[in-house]
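Please open the structure in a viewer and keep the selection tool at hand.

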Amino acid sequence: MKTILTVVVVLSCAVFTTAAWCKDDPAAGAKLYTANCTACHGADRAGMPGAFPALTDVSKRLQPVQIKDKIRKGGGLMPPFSQLSQQEIDDITSFLAK
């Protein structure tokens with residue numbers, strides 16, 4: 001019984017530590033946005049009418065899962081950013097939600 005309790009405590013700590021470590025980071029997302037997105041969507045996220053959509057209110061138009069999917073897979077003129085990790089995509093999405 002003592003062994004089972006020890007295993008449960010250790011696993012619980014590992015789960016909570018991982019969840020805290022993987023929190024979305026809008027500041028990191030801002031840096032990733034600058035490096036990967038500004039060429040088309042602009043530093044001010046205003047886009048270029050007719051070519052690249054504005055991202056200033058993207059969270060009002062799309063759910064976070066849709067934004068993440070668009071970053072990962074691309075679509076239209078936007079190329080896929082499959083080189084980005086899931087955490088990086090989460091960070092960019094968090095930045096865009098601000």
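Which residue just after α5 takes a positive phi? Select Gly74: in this predicted model, its phi is about 75°.

**Helix α5**

Next, select residues 64-73, which form helix α5. Its buried residues are Ile67, Lys68 and Ile71. They lie on the same side of α5, because they cover an arc of only 95° around the axis. Val65 and Lys73, on the other side of the helix, are exposed.

**Salt bridges**

The structure holds four salt bridges. For one of them, display Asp90 and Lys68, whose closest N and O atoms are 3.1 Å apart. Asp90 belongs to helix α6 and Lys68 to helix α5, so the pair ties together parts 22 residues apart in sequence. Asp90 counts as buried, at 12% relative accessibility.

Asp69 forms a salt bridge with Arg72, at 3.9 Å between the closest N and O atoms, and another with Lys73, at 3.3 Å from N to O. Through shared partners, Asp69, Arg72 and Lys73 are joined into one network.

**The largest pocket**

Finally, turn to the largest pocket, which holds about 430 Å³ of space. Select His41, Pro53, Leu55, Lys70 and Met78, the closest to its centre among the 24 lining residues. Helices α3 (38-41), α4, α5 and α6 each give two or more residues to this lining. By type, the lining comprises 18 nonpolar, four polar and two charged residues.

Technical notes. Residues numbered from 1 in each chain as written. Predicted model: local features only at pLDDT ≥ 70, side-chain atom pairs only at ≥ 80, totals over all residues. Heavy atoms only, no water. Buried < 20%, exposed > 50% of the residue type's maximum accessible area, 1.4 Å probe, protein only. Helix = DSSP H or I, 4+ residues; strand = E, 2+ residues; numbered from the N terminus. Arc of directions from axis to C-beta. 1 Å grid on protein atoms, 1.4 Å probe; cavity = no way out; pocket = protein on both sides within 12 Å on 5 of 7 lines; lining within 4 Å. Points joined across faces, edges and corners; volume = space filled by probe spheres on them. Nonpolar A, V, L, I, M, F, W, Y, C, P; charged D, E, K, R; others polar. Salt bridge = Lys/Arg side-chain N within 4 Å of Asp/Glu carboxyl O.
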